[in-house]
Structures are given as structure tokens and as C-alpha cells.
Amino acid sequence: MDALDAPGIAVLPARPVAAVLPARAVAAGAAGAEPGGPTAAGPRVPTDEPAPLAALRILADAVAAGHRDPFDPAVPLILAAGPLAGSGAPGTARVAAIGLSPLSGTVGETRAEGPFGAALRAAGASLLVLTGRAARPSILLLHNGSAELRDAAELADAGTVAATDALRSRYGARAGIAVIGPAGWRRARAATILTDRYFPLPRLGFGAILGDRNLAAIVCLPGPPAPAPGAVAPAQYPATPAPVAPAQDPATPASEPATLAPGAVTPAQDPAAAAPGGAAPVAADPAALAAIAARYRAEQPANPLTAWQHEPPGFGVWPYGAEPGYGAHRNFADTATAAGDGLAPDRFLARYRQAAPCPDCPTDCLKVFTPPAGPPVALHQEAVAALGPNLGVEDAGTVLAAVAACLDAGLDPVSVGGTLGCLYEAAERGRLPAGWPPCGFGTDPGPFVAAAARGADEFAAALRGGAARLAARLGVPDAAMTVRGVELPPFDPRIQPGLALAYAAAPTGPRYDAVEHDLDFDPGHGAPHCWPQLRELGLTAPEPAHRLDAARADRTAVLLALWSALDAYGICPYASTPTRPLSLALIGDLVAAGTGYRPDTAALLELGAERLRRQHWINAALGVAEPDRLPYRMHAEPVAAGAHAGAVLDPDRFAAAVARLRTRLGLA
Ligand code: SF4
């Protein structure tokens, strides 16, 4: 914190990263360059850093000061919106949460799509830094760049849907609303923060941090529409009820000063991008943004992936039709079986309701479905696989109800799927303690989600700890399909070694959206339309997916750095290169139109690598061991059938490739 200009409100000036973190060699992988080659000049990062990158500097400061427990109130939990959020461009509807993860104990960063990022900036901040602990259940109101707390006893232990509805009714349709559910209040290590009803900040347990800090919700109230010349005109805003200004809210009298603790709530204004008064974010070149949006809209239908994402039932139902070994089946133990007809797209279409749109993006990836029980739910890409085939559950209605129960409880469906997969496997191996409920693959996960959300017994507490802790408790560590304590995404890494390397090397734990998947570049299974983008990155295309060697490590380093740069700017990978319409050139145009700074490909890769190094530095300061293996199953049990039969990750070659990848990115 450099200066407090009002209680709890500070402007965080951009500083060079070297002021906090040691300068390291920079990975660069533009065409013709040697990926990972050290540069004499050190990092070339813009001094006006994107907020998600600056957040890592703030977190590193706290860790360097000795604050290393995720639940330490001095460890910041940071919400960060990229410089393009709310700009009107497609693929920019993202917000990041950054802190220490209660699930892994390491650096954590996770992202939500939807309108919350734009709402954060419209409330006058691109960074919200939370430290301290409120004295009682509260909501944090953010408006015009300032923050205050209000009592919210009525929201303590409420479901996320009820809490969102109550706050929406109180503050209006334009408010950005992030809430936790009962899992967050019980410090479940897979507790999420749900933004704007349908868009979770998934994995990693940040909902438990908010619960521990007595924060039921964060509400962003937009300022008066005051766009810069040429930006969105006031008349173009939706005609919704005016939000209740914090000082005029009769329902919730102010209970405390604006901070959780001295200097605790820190909305950092974005001087480069926020309009005066905390209203509509200002773009450097709104006309250029409009042109990019028009081009994206024109190209989306012809792109096979964005077209697939756009059409109901959307990208969440991919397990049906996938080859054996592509997705997780029965805790990754069954690689001979494909998803059954109960998960066919028409079963989901019968329950399709609408899209849950991201502002300004025509792709409409998230689709809302009506489950047979529970509130309507929007499907992202992993939930059906994690709670369906991964648990031996093959009925669309049962899976949708379980996803809805997870999200209403503020639980991450993927972590829950991984934890229950471990439980079911332990049960089938006869390792459950006496008195625990009987179960096995095929058991409806719904009652276990309810137990994890609100249960008071030892079984419920064990579920709230996640798969790795559960497996240790049951004496079946080989049943924990985890890396860094985080449950694997439901994309089987055996058949995609680049994805496998990313699972092991990503400092924030395994993510399926850290790199574009190997199969997209495979000569037999791939998407030829994206190969020219690969070649622009200096990579060969097509490239057989199953190969695990030094070249795989090198190309994965480039792909990791590329999508890390997208994360730094808050650009959505489901809209972006190498497979979607936002090409490398368009991303440069997009950043330039939003910020006035145009990164070329080399600069993008440097920025992405720098972000990964900052995460790595935090882990190193925490003393976190760097994994060089995945769960044993990935190295010992080849895929049993189908097009990928025989695929397995040789453990020694894998460890060598992880080491090479880390060296390439400066993570060693
Ligand atoms: S590509 Fe999909 S997830 Fe990404 S911003 Fe657009 S609609 Fe949202």
C-alpha cells in the first residue's frame, strides 16, 4: 500500500515488477525466436500493469512480509478486472480472484465470466484488495471508487440464489453481485464465490476466505453514466431502476466504518481506464473496439468452435460422443467406456431454458438449464463431466440437479466431483469407516452435496476438505486425482501430454483452460483452421497429440505463456487464439483499442511468462514443492480402448519434460 487518501481507499500506482520480485530471464517464443531464451534486458512489462498482474505483486508483498496462511486476515484476497472489462468488446467479460488458496495452500487465481468484471470497473475500481475481518456478517458495497460495509445478518448461511435475488431486488439490475453460500460460511476448501447468479469464481476455495472474513457478498454499484466522447452514450444503458446509493439505503443502516481493518478494503482505481466518477470505463479507441466487435460477430458462425459454443445445448455437454479416455470416467479408472445415452445432448436440450450471456460477447457460451430439482443452473465446460461420467452417473437430470445444488451451496462442481470420485472409489475398495453412508459409482451425488454444504458430522467435514485430504483420511492416497491438492479437471491428461504438463507446471494448480488442448493440433483429431495461428507462434502444425518429448515441453511453454497473457488482460480463451476468432493480431488490436498500448506476439508471451513467474515466486516463498508427476494412474494405467488406446504418460519422460518446461518459462 503506498498511500491512503481516504480511510480504506488507496490508489495503487503501477510499479515495475522488479521493485518487488527478483528480475528473471524472460521467455519469448515469437516466430523465429528461441522459446525461453534469456534476455539481457530483463522483463519487458508495461509499467501500467493490467490489474490481474498487479494483484500478484500485492499478494507477493504480503507473503514476503511473512503472511502465509490463506486464512490469515493479512493475506489479501483480491478481485481484479482486466483493462478491457466493460469496454464493449467480445471476449473481455472476465474478473479474476487472486489470493492464497485454502484448497492447495499455494498461490491461487481463478476467473469468472459474466458481467461482474465490468461492474467492478463501473463502480470505480479495477482492483479490490480485501484484508482484515468484519465483526459480523456483512456485505461490502463498492461505489464511485469507495467502499463500505453493511450488516447482512439475514444473508449468513443463505443459498447463493436467495442471496443474489435479495441483493438484486435491493440494489437493482445494474449492480454487480458476488455472494458466497453455506459452504463458504463453513470454510469448505472447495467453496466458490458466485457472481451475478450464474458465473462462479471456481475451484481453489476463495468462498471460504470470504466466509472466514464475515463477508456474505460484494456489491458493485455503477456510477452515473459519464462516458468519454465516443464511448457508450447514457441512453444506451438498459433502462433499469436506479441503484440505491449506499448512504440512502434504508434497509441496511451502516454498521461499521468503511474498512474491515485499517487499510483493509482497498479499491484501486484504474486511472488509465476508469471514467471520472467511477462510471463507464473509457477505451482508448472506441471506434476500433466497435470494429473488432463487428468482425468477431461476423467470424463467429464460421468458426467451428465458437459456433459449437453458441448453439444450445452448448459446450458443457461434450462428454457424450467423446472417445474413451478423453474425459474422466469413474475417477479416471475406467478408460474403456464412453458416456451413455442418458447424457446425450437431447436430454439436456429438453431442459434448456436460455443463455446466460456475457456482456458484449455474442458467443453466449453458458447455457441455463432447468434441473428436476433445485434452481436453474448455467453449465460451464467441466461440471457435467465431473459430476456425471466421473461418478458413473449417466442421467442428465441427476447431473443437472447436482450441479445446481453445488452452485447454490457455493461449492465447486469439479472439486466436488473429484472428492466424490475419491469417496466412491474408496467405498468400492471397502475403505469407508463404519457409519459412513454406503455409496459407489452410480450413486446420486445430490445427498452428498447437501452434506458437504451444511452437514455437521465428521463425514460432512471430510467432504469439505477435498479429495486429497479425504484420501489421506481413508488411507487411499492413490485415489486422490489431484495436483497441488487441487482436483484434476475432467479432461484426461494421458491422451494430451501438453495438457498434462500444464496440469503439473501451472503454479495455481491444474486447469483445463491454461493451454489449448493438444488434440486440436493433431493431424487426425484436430482443427486445421487453427494451424496458421500455431505457425505464427513459431510452432509446428499439425503435431501428433500423443508425443511426449522435449519439443512438447517447448511448445507447451509457449502455449502456457500465451494464455497466461490472456489471463493478465482478462481476455477470454473461449474467444481467442489459436482456435477462436480473436487471433494474435486481433488481440493486439483489442489491447491497443482498450488501453493505447499494443503488445506484439513477443510482448504477449513475455507478459504471460512474467505472470507465471510471479505466481511461482509466491509458491517458492511459501516453500511449496513443485510436482513433477501427476497421480499415479496417469503414469501406470494406459487408456484401455478406443482411438487413444495405449496412451499413458511415461513417468521419467514426463518429469524431464516438466523440468524443461519450467526452465523455459523461468519457473525453476
Ligand atoms: S467467449 Fe463465451 S465465456 Fe468468453 S466472454 Fe464470450 S460468451 Fe463469455
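**Salt bridges and burial**

Analyst: A salt bridge joins the side chains of D157 and R454, with N to O at 3.8 Å. This pair links distant parts of the chain, 297 residues apart: D157 lies in the loop between β6 and α3 (160-171), and R454 in helix α12 (residues 446-454). Helices (H or I, at least four residues) and strands (E, at least two) are DSSP runs, numbered from the N terminus. The model is predicted: local features need pLDDT of at least 70, side-chain atom pairs count only at pLDDT 80 or more, and totals for chains, interfaces and linings use all residues. Residues are numbered from 1 along each chain as its sequence is written, and side-chain values use heavy atoms, with hydrogens and water left out.

User: What makes the contact of D157 and R454 a salt bridge?

Analyst: The term requires a side-chain nitrogen of Lys or Arg within 4 Å of a carboxyl oxygen of Asp or Glu. D157 and R454 are at 3.8 Å, N to O, so the pair qualifies. The structure holds 41 salt bridges.

User: Why is D157 called partly exposed?

Analyst: Buried means under 20% relative accessible area, exposed over 50%, and partly exposed in between (1.4 Å probe, protein chains only). D157 has 26% relative accessibility, so it counts as partly exposed. R454, at 43%, also counts as partly exposed.

User: How do you know that D513 is buried or exposed?

Analyst: D513 has 10% relative accessibility and therefore counts as buried. R511 has 12% and is buried as well. D513 and R511 form a salt bridge, their closest N and O atoms being 2.9 Å apart. Both belong to a network of salt bridges that also links R94, E109, R111, E113, D567 and R611.

User: Which residues is E382 in contact with?

Analyst: Leaving aside neighbours within four places in sequence, E382 is in contact with R203, V414, P489, P490, F491 and Y512. Contact means heavy atoms within 4.5 Å. E382 itself is found in the loop between β14 (377-379) and α9 (383-387).
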